[in-house]
Amino acid sequence: MSITTPRLVILEIFLNTPNILDHAELMVLCKEHVNRITLYRTLHLFYEHHLLLKVPSSNGITKYLYRGLREDSRGGKLSQIPERKIHLICQDCGRIISVEHVKMPPIHLPKNFEPNFMDLIVNGKCRYCAK
Ligand SMILES: [Zn+2]
């Protein structure tokens with residue numbers, strides 16, 4: 001993926017925001033640096049590169065969750081085991097807590113499906129909202 005200013009702006013928003021974001025919220029955070037079409041295209045590109053997950057919300061709006069780089073793209077060893085992450089999403093404030101290297105029970109997939117990565121999304125209340 002080549003580096004462009006809009007891509008950097010959008011990536012920086014994801015890195016600096018602990019929350020799950022939808023298109024409108026991203027548009028506000030981009031201010032005038034990125035236009036609507038570029039934002040759509042960039043989100044799609046990030047999604048294709050597994051940097052983002054699409055999370056449907058209760059009001060039907062797709063939210064985007066930044067899942068980070070794959071281990072092998074950070075110079076680590078390529079594993080035969082699909083990468084696994086757990087994302088805890090607070091339904092009150094939208095905060096995301098991502099947990100890597102967690103033990104998950106084995107999931108038996110159909111033989112003719114090749115998994116790249118597996119993300120588990122758990123909805124609930126964060127420690128700030130649970131008080
Ligand atoms: Zn919360």
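Helices (H or I, at least four residues) and strands (E, at least two) are DSSP runs, numbered from the N terminus. This is a predicted model, in which local features need pLDDT of at least 70 and side-chain atom pairs count only at pLDDT 80 or more, while totals for chains, interfaces and linings use all residues. Residues are numbered from 1 along each chain as its sequence is written, and side-chain values use heavy atoms, with hydrogens and water left out.

**Exercise 1.** Work out which class the aromatic pair of Phe 14 and Tyr 66 belongs to, and which elements hold its two rings.

*Solution.* Begin with the rule: rings of Phe, Tyr and Trp (its six-membered ring) pair if their centres lie within 6.5 Å, and planes under 30 degrees apart count as stacked, over 60 as edge-to-face and the rest as tilted. The structure holds one aromatic pair. Its ring centres, in Phe 14 and Tyr 66, are 6.1 Å apart and the planes stand at 20°, so the pair is stacked. Next, place the residues: Phe 14 belongs to helix α1 (residues 5-16) and Tyr 66 to strand β3 (residues 62-66), so the pair ties together parts that are 52 residues apart in sequence.

**Exercise 2.** Decide for Phe 14, Lys 63, Ile 97 and Lys 31 whether each is buried, partly exposed or exposed.

*Solution.* The cut-offs are under 20% relative accessible area for buried and over 50% for exposed, with partly exposed in between (1.4 Å probe, protein chains only). Phe 14, at 4%, is buried. Lys 63, located in strand β3, is also buried, with a value of 19%. Ile 97, which lies in strand β5 (residues 96-100), has 37% and is therefore partly exposed. Lys 31, found in the loop between α2 (23-30) and α3 (36-48), reaches 57% and is exposed.

**Exercise 3.** Find which residues Lys 63 touches, leaving aside those up to four places away in sequence.

*Solution.* Contact means heavy atoms within 4.5 Å. By that rule Lys 63 touches Ile 20, Leu 21, Asp 22, Glu 25, Leu 53, Lys 54, Val 55 and Ser 57.
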